[in-house]
Amino acid sequence: MEDKITLSHGSGGHKTSELIADIFKKNLDNEYFTADDAAVMPAPDGKIAMSTDGFIVSPWKFPGGNIGKLSVCGTVNDIACMGARPLYLTCSYVIEEGFAVSDLEEIAKAMGETARKAGVKIVAGDTKVAGKGQVDGLFITTAGVGVIENEVNLSGAFAKPGDSIIVTGDIGRHGCAILLARDEYGIEADVTSDCAPLAEPALAVVSKIPATHVIRDATRGGVGTVLYEICDASDVGIEIVSDDIPVDPAVRGVTGLLGLEPLYLACEGRLVIIVPSEFEDKTIEILSGFEETSGAKVIGRVTDEHKGKVVMKTSIGGMTFLPPPGKELLPRIC
Amino acid sequence: MNEAATILKSYEGPKIRIMEVCGTHTHEIFKLGIRQILSPDIELISGPGCPVCVTSADYIDEACWLAREKGCVITTFGDLVKVPGIKSSMIKERGQGADINVVYSPQDAVLAAGKDPDREYVFLSVGFETTTPSDVIAVKYAKEKGIKNFSILTANKTMPRAYEVLADSTDCYLYPGHVHAITGTADCKAMLAKGTSGVIAGFTGPELLTALAVAVKKCQEGEPFLVNCYPRVVKDEGSPAAMRLVNEFMEPCDALWRGIGVIPMSGMKLRDEFSEFDARVKFAIPDMKEEYKTPCRCGEVLQGKIKPFECPMFGKACIPDHPVGACMVSDEGACSAYYMYGGLTGNGR
Amino acid sequence: MCVGLSAKVVSVKGDVALVDSSGARREVSAALLDDLEPGEFVMVHAGAAIARITSDDITESEDLAKEYLS
């Protein structure tokens, strides 16, 4: 094979077949992986959950993962947030002409490894090559289905006053790792992305605590955005305790230099879980049993006051609103 | 810290008005929820200490003109990107293809210029005494290294004249710690000599509570006072090296403060011998001064005459996503901070 | 007006200091402070070390409270 992806790799001819065999089948293969027009698998019992997500990340590789790993985690975690066990994924690659084949292999390899770790099978894929400059490196879209095994009823609209709010680990590491990898601000720090598949811990929580109200994947908008979404959807208020929010010291240092709020930095391996307060300890205990969620902490509670707002108890005992989400993250000096 | 909090909670007596003149103070006071613990007899006024907010609208238009008409790469602190000018804003220009690059420091801007000699780089030099030395360091570097494609668009400002203009609006200044880390305590002493009280304050919870409590205690004693509550950073002499550097490259000039008007000799510009680094001279920017008409009552907000929520535009036509007035622009602008963090007790206190 | 962050000086080379704030490292200008030494704490603003820090905020607040608040 050549070193670089060319337009002919996307033409559907023998070069495409070669690429599929040498890169994708080699790394993603399983009994359902198909070269036919569609994959055929046994239908699971019960309800299924289905989700899709597109991934563009620059740079494509960062400490703690790459876009291949990310594209599996994202969809697996979305499915798990509905209490479903992820079963099958499809993937669609749009690759920029000139992309290094060795890099593509690295990405496919990470995708395969992450899928096996998450217990999900990649059953079908598609490859398109776009002309130079039409995409930034490569874009990946994954779609997936999972089966709901336990009688659960989860939704961002189900948070109730009195519930406890849990995050499954320190926040903002993915966003911080990407920011550092882009090297726009000359800052160095040892920060690894939190990118990880979380189906196992999520399913453990819902199977042992069927009364769980909400599980949400805190991705690009960070934990702060998820909390605001839950406030809106559930018509409740949220109170979090500033000193209880887990933030890695290096992330704290980087955000301190740039004047950014860690609650709005992206995560790719952190869930926000809301349970009735009597299950708070048990939830933490379950999550502690998994490496990816061993840093789980209660950060606050749902209230029936100041509906639609996230309020933060501050280090001096005052109360303040968390600024609403949606602002572009720009470093500030003042 | 508990002692300080108790004083601030339990104060009863004549109303004490304390004006913070630093946007970061405003920001931290809201972020820490300090207003919630203050006695109703203590009033905090957010003065004009946000360099982004007091930067005049025509300055933004000058920057947009450089990007659009001269093809300059504009390098800027993130705070300025969203600020509306009269005709445009950098976020609009960026959408139309202009190169607007956010940098962490002015030195990063001059380094970027050095690596890309075929394009003109302009750094938007805003800020008070704390930031101006960094701007000058960048110019000095460009001069020493012969980087010809770098210049700065100055809107640097200094605080002392503003202290004088606003002295009647407050019983006590909460002086900006990082300004006085550079300039020392002389300006505050000069204000004291004229009968204006103040405390120099840091930025963390304990520092702010302590400085406010000292202000309240001292106000009760009735004599004008000045207490440096940030001695771990602010020394009497400030940073002589920084002041020497700034005075070598820059000189005072009149400055237009958005919402307040012209305050004589409250700005800084490059001296004539460094005009090759002055974007206004280098690119012969046409005069963009135009009366900026807005129903916003920014001027009164910045001078502490009204609270943000007393402005008819506040929270309605003017919100952080589409700011109309200056004080809604930056996160630390008085109105933006009120909008995002205020309202916990209903009246925005 | 001025976000400042305290950081420890790791090394100094001419007018440039490498500083560390709880694990985040960055080169900043040391031109504003004479004779900066590794190990000292400085306040960093917009890419320059603007002041030496001689104590921490808790200790300082306690000292001030003793002098003015009791």
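How many bridges join β4(A) to strand β5 (residues 121–130) of chain A? There are 9, and the two strands run parallel.

Before you click further, some ground rules. This is a predicted model, where local features need pLDDT of at least 70, side-chain atom pairs count only at pLDDT 80 or more, and totals for chains, interfaces and linings use all residues. Residues are numbered from 1 along each chain as its sequence is written, while chains are lettered from A and ligands numbered from 1 in the order in which they are written.

**Stop 1: β4 of chain A**

Select residues 84–96 of chain A, which are β4. Strands here are DSSP runs of E, at least two residues long, and helices are runs of H or I, at least four long, both numbered from the N terminus. Two strands count as paired if DSSP finds at least two bridges between them. Now find Tyr93(A): its bridge partner in β5(A) is Thr127(A). Pro86(A) stands opposite Gly146(A) in β6(A). Strands of a sheet pair through backbone hydrogen bonds, either parallel or antiparallel.

**Stop 2: the open sheet**

Stay in chain A and pick out 7 strands that form an open sheet, in the order β9-β11-β7-β12-β10-β13-β14, with mixed pairing. At the edges stand β9 (214–217) and β14 (319–321) of chain A, each with a single partner strand, so one side of each has no neighbour in the sheet. From one strand to the next, the twist averages 25° (axes are lines fitted to C-alpha atoms, and angles run from 0 to 180 degrees between N-to-C directions). Zoom in on β10 (237–241) and β13 (310–313) of chain A: they run parallel and are joined by 4 bridges. Glu239(A) has Val311(A) in β13(A) as its bridge partner.

**Stop 3**

Is Thr283(A) buried or exposed? With 24 other C-beta atoms within 10 Å, Thr283(A) is buried. (Buried takes 20 or more other C-beta atoms within 10 Å of the residue's own, exposed 12 or fewer, and partly exposed lies in between; C-beta atoms are placed from the backbone.) You'll find Thr283(A) in helix α8 (residues 280–288) of chain A. Leaving aside neighbours within four places in sequence, Thr283(A) is in contact with Ile166(A), Val205(A), Ile209(A), Ile273(A) and Val275(A). Contact means that the C-beta atoms, placed from the backbone, lie within 7 Å.

Val205(A) is also among the buried residues of helix α5 (199–208) of chain A. Those buried residues pack against several elements of chain A, including α2 (67–80), α3 (101–118) and α8.

**Stop 4: where chain C touches chain B**

Finally, show chains B and C: 28 residues of chain C are in contact with 44 residues of chain B. On the chain C side, β4 (41–45), β5 (48–53) and α1 (57–69) each supply at least two residues. The largest share, 8 residues, comes from α1(C).

Colour chain C by confidence before you go: its mean pLDDT is 93, and 99% of its residues reach 70 or more (pLDDT is the predictor's confidence in each residue, from 0 to 100).

Terms used. Two residues are in contact if their C-beta atoms, placed from the backbone, lie within 7 Å.
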